[in-house]
Amino acid sequence: MALIQCPDCGANVSSEAPACPSCGRPIKNQAQVPPALAAKTEPPKKKTSGCAMVFLIVLGVVGILVYMGNSNQGDSSSSDSANAPAQPASAPQESILKVSPAGLYRAYKANEVATDNQLQGHILELTAPVASIDKDFTDHAVLKFNTGEEFSELQAILNDDQKSAAANLSQGQIVTLHCESSKRIMDSPMLDNCSLVH
């Protein structure tokens, strides 16, 4: 039996003792190890540094993936907006312009080109008594209005869905029309694509 040093606390312990009386480290199995080697043995190192390294690597990879995902999303949204067809600009709403048969006749007589330019892009609203209710050669209903000139009258061509309404009109009845375009035929103003306003 020999005295050996406890590898943990350094106390002198019998080589036959089952454990160190100071710190409780098992001794009997350590007795076979030569004392020179026993002094050099170190307790196993904790693997915290290895775990920390793995954790940092995983964290770095996750960070890179998140960054790449965000940048791709930004790129795709910008490329989507760049590749998306341009949205058509909403057409400006057409304003309503009130006209009269005599006023249209005078305007066209004074300057047909200027009158067409001024009326373009407007809905023309005409309120006047009906001189006659006719049909043209294409079977459209046509309302005629006096312009104050004996040989010139304003003609308003109604849309096809207005025929039944035109059938219920009578001469001299005051009506209001909304028309989409106008022109001058011979010496008479003509309104087209007209609908009766109720």
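This is a predicted model: local features need pLDDT of at least 70, side-chain atom pairs count only at pLDDT 80 or more; totals for chains, interfaces and linings use all residues.
Helix α3 (residues 101-110) and helix α4 (residues 112-119) meet at about 125°, with axes 5 Å apart. Axes are lines fitted to C-alpha atoms, over the stretch in contact for helices, and angles run from 0 to 180 degrees between N-to-C directions. Helices (H or I, at least four residues) and strands (E, at least two) are DSSP runs, numbered from the N terminus. The pair is therefore oblique (under 35 degrees is roughly parallel, over 145 roughly antiparallel, 65 to 115 roughly perpendicular, the rest oblique).

I then listed the contacts (heavy atoms within 4.5 Å). L104, A107, Y108 and A110 of α3 meet E112, T115, D116 and L119 of α4.

Next I checked the sheet. It is open, with seven strands in the order β3-β4-β8-β9-β7-β6-β5 and mixed pairing. Strands pair if DSSP finds at least two bridges between them. β3 (95-99) and β5 (132-135) are the edge strands. β3 and β4 run parallel, joined by five bridges. K98 stands opposite E125 in β4.

I also placed the helices on the strands. α3 lies across β3, β4, β6, β7, β8 and β9, at about 75° to β6. α4 lies across β3, β4 and β8, at about 130° to β8.

Notes on method: residues are numbered from 1 along each chain as its sequence is written, and side-chain values use heavy atoms, leaving out hydrogens and water. Local features need pLDDT of at least 70 and side-chain atom pairs count only at pLDDT 80 or more, while totals for chains, interfaces and linings use all residues.
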